[in-house]
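User: I would like to go through this structure step by step. Please take my questions in turn.

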Protein chains: 2
Amino acid sequence: MITLTFAEENYLKAIYHLSDGGKKGVSTNDVSAEMKTKPASVSDMLRKLGEKDVIEYRKYYGLHITEEGKKLALQTIRKHRLWEVFLVEKLKFSWDEVDEVADDLSHVKSQVLIQRLDEYLGFPKFDPHGDPIPDEYGDVRTRPRLPINDLDLGSIGQIVAVKDSSPAFLRYLDKVGAYIGARIKVMDKTEFDGSVEILVDNKKSIFMSKDVAGNILVMV
Amino acid sequence: MITLTFAEENYLKAIYHLSDGGKKGVSTNDVSAEMKTKPASVSDMLRKLGEKDVIEYRKYYGLHITEEGKKLALQTIRKHRLWEVFLVEKLKFSWDEVDEVADDLSHVKSQVLIQRLDEYLGFPKFDPHGDPIPDEYGDVRTRPRLPINDLDLGSIGQIVAVKDSSPAFLRYLDKVGAYIGARIKVMDKTEFDGSVEILVDNKKSIFMSKDVAGNILVMV
DNA sequence: TTTTATTTTTAGACAAATCTAAATCACTAA
DNA sequence: TTAGTGATTTAGATTTGTCTAAAAATAAAA
């Protein structure tokens, strides 16, 4: 069985994200930027990860994550996201505070701990950022995209796409501060005209008409 | 401000325990046995801890923990015990499973995390083993000793002494499986004759008369 | 195609924490 | 009081993860 050190685990997680779940190749400099370590250190680490067969590494040409690597990365991501849920739901941390702490917590080695934590949290399927939590076997549940006006009051989600991508519409979104990737929460819904109020990135409130809300797709 | 590495923190915690909270001096071999590392490694670590003024170290003569060292050790102990409470109360771990995991968890650096955890757990004053949890300033609450029949139903505690220490009484205790240091829980109380049923070390059930129960002192 | 710029790797160093083997110190027992 | 035993320290090696500086490979531009 492959075992990774803390540092190796962190690198692999970063690589998984950078490669968009294994779709793209990744360069040394990419990893260096993500991990905030020097390229020289990255080269060394890539050699080690290559020897452990969690990545396929060709000198000077970057790397691809392997199937085994994906599995391990997803385990780490699972731990990280479960701890994020714990920190936000139970300890009342806010989104922006959790990452570093969850990172530390997810290094704790016990398998049993993660199983019990998962159970304690009620087997959550998504973390506070809306990202899916892989199950024990690394499977992730992808979630449906909904237009904002189909959301319930209080729902949170992330803007993933727009139906109407006309320049005018995009300019409007830009103006009000909404963008692909923005985290939103439905603060108010007015039944009679279908307009909604959403909170963007936990700070900015936006009112939008039924038409606009129907054209913004959210991942819940 | 003094900062310690993980390993230094662990050594200091062990030293604190070995020195019985700073009362006794401690030898290199003591630490070696406790930490399961070689004496040579301990010497090196003691030198470092001495340089950081958390212990007073004289080569070949062992060490004494300093006031500063005590404070830091108590911080680590606080974290450890809070995590133990979390593991047992929330994640349903049993006593004997928690130590290693709590050790890992208590290495997580965030101050805020510990404060929030403390709050979430309802500011517990004692860990699942009955050991006191130091507060933020390192103060520990020592607890009163009570005879078993003064305990409420469901109370947990640790046997710390006996009033009647006659050979006959001690032989009786031995026979039923109670001993100084045993962890007990009050399972049942019969009002009319004052007899009680207690669970020892989470496994063995004992019935005892009012007289016997009145002679066993428990730290709650 | 040759030169230049960028990216990546190698080489060598360092800090932390451990080990083994050898040396040194302190106490004890003749 | 001196030799021996056991505890302790030193010396030197190893692993892991990082760094800087320099070399090498690739990519881009003239």
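This is a predicted model: local features need pLDDT of at least 70, side-chain atom pairs count only at pLDDT 80 or more; totals for chains, interfaces and linings use all residues.

User: By what turn can chain B be laid on chain A?

Analyst: Two copies of a chain are related by a rotation about an axis and a shift along it. Here the superposition is by least squares on the C-alpha atoms of residues with pLDDT of at least 70 in both copies. The RMSD is 0.7 Å and the shift along the axis is 0.0 Å, with a turn of 179°. The two copies are thus related as by a two-fold rotation axis.

User: Which residue of chain B comes closest to the rotation axis?

Analyst: The distance is taken at the C-alpha atom. At 3.4 Å from the axis, the residue of chain B that comes closest is Leu105(B).

User: How many residues of chain B are in contact with chain A?

Analyst: Contact means heavy atoms within 4.5 Å. The same surface serves both copies, as 100% of the contact residues of chain B recur in chain A. On the side of chain A there are 19 residues, and on the side of chain B the number is 19.

User: Which residues of chain B lose the most area to chain A?

Analyst: Buried area is the accessible area (1.4 Å probe) that two parts lose on being put together, summed over both. Between chain B and chain A it is about 1500 Å², and carbon and sulfur atoms give 73% of it. Three residues together make up 34% of what the side of chain B buries: Leu91(B), Arg116(B) and Tyr120(B).

User: Which element gives the most residues to the side of chain B that touches chain A?

Analyst: Helices (H or I, at least four residues) and strands (E, at least two) are DSSP runs, numbered from the N terminus. The elements that give two or more residues to this side are helix H4 (67-90), helix H5 (98-105) and helix H6 (111-120) of chain B. With five residues, the one that gives the most is H6(B).

User: How many salt bridges does the rule find across the interface of chain B and chain A?

Analyst: A salt bridge is a side-chain nitrogen of Lys or Arg within 4 Å of a carboxyl oxygen of Asp or Glu. Over all chains the count comes to 20 salt bridges. Across the interface of chain B and chain A the number is zero.

User: How many residue pairs are in polar contact across this interface?

Analyst: A polar contact is a pair of N or O atoms within 3.5 Å; within protein, one must be able to donate a hydrogen and the other to accept it, and residues adjacent in sequence count only if both atoms are side-chain atoms. With both residues at pLDDT 80 or more, the number of pairs found across the interface of chain B and chain A is three.

User: Which residue meets Lys13(A) in a salt bridge?

Analyst: Side chains of opposite charge can pair when their charged atoms come close. In this pair the distance from N to O is 2.6 Å, and the partner of Lys13(A) is Asp103(A). The pair links distant parts of the chain, 90 residues apart: Lys13(A) lies in helix H1 (residues 6-18) of chain A, and in helix H5 (residues 95-105) of chain A lies Asp103(A).

User: Which strands stand at the edges of the sheet in chain A?

Analyst: Two strands pair if DSSP finds at least two bridges between them. Six strands of chain A form an open sheet with antiparallel pairing, in the order S3-S8-S4-S5-S6-S7. Each edge strand has a single partner strand, so one side of each is left without a neighbour in the sheet; the two are S3 (145-147) and S7 (204-208) of chain A.

User: Which residue in S8(A) is the bridge partner of Arg145(A)?

Analyst: S3(A) and strand S8 (residues 216-219) of chain A are antiparallel and pair over three bridges. In S8(A), the partner of Arg145(A) is Met219(A).

User: Which residue takes a positive phi in the hairpin of S6(B) and S7(B)?

Analyst: Strand S6 (residues 196-200) of chain B pairs with S7(B) in the antiparallel sense over five bridges. Leu199(B) stands opposite Ser205(B) in S7(B). The hairpin has three residues between the strands, and the residue with a positive phi near 50° is Asp201(B).

Notes
Residues are numbered from 1 along each chain as its sequence is written. Chains are lettered from A and ligands numbered from 1 in the order in which they are written. Side-chain values use heavy atoms; hydrogens and water are left out.
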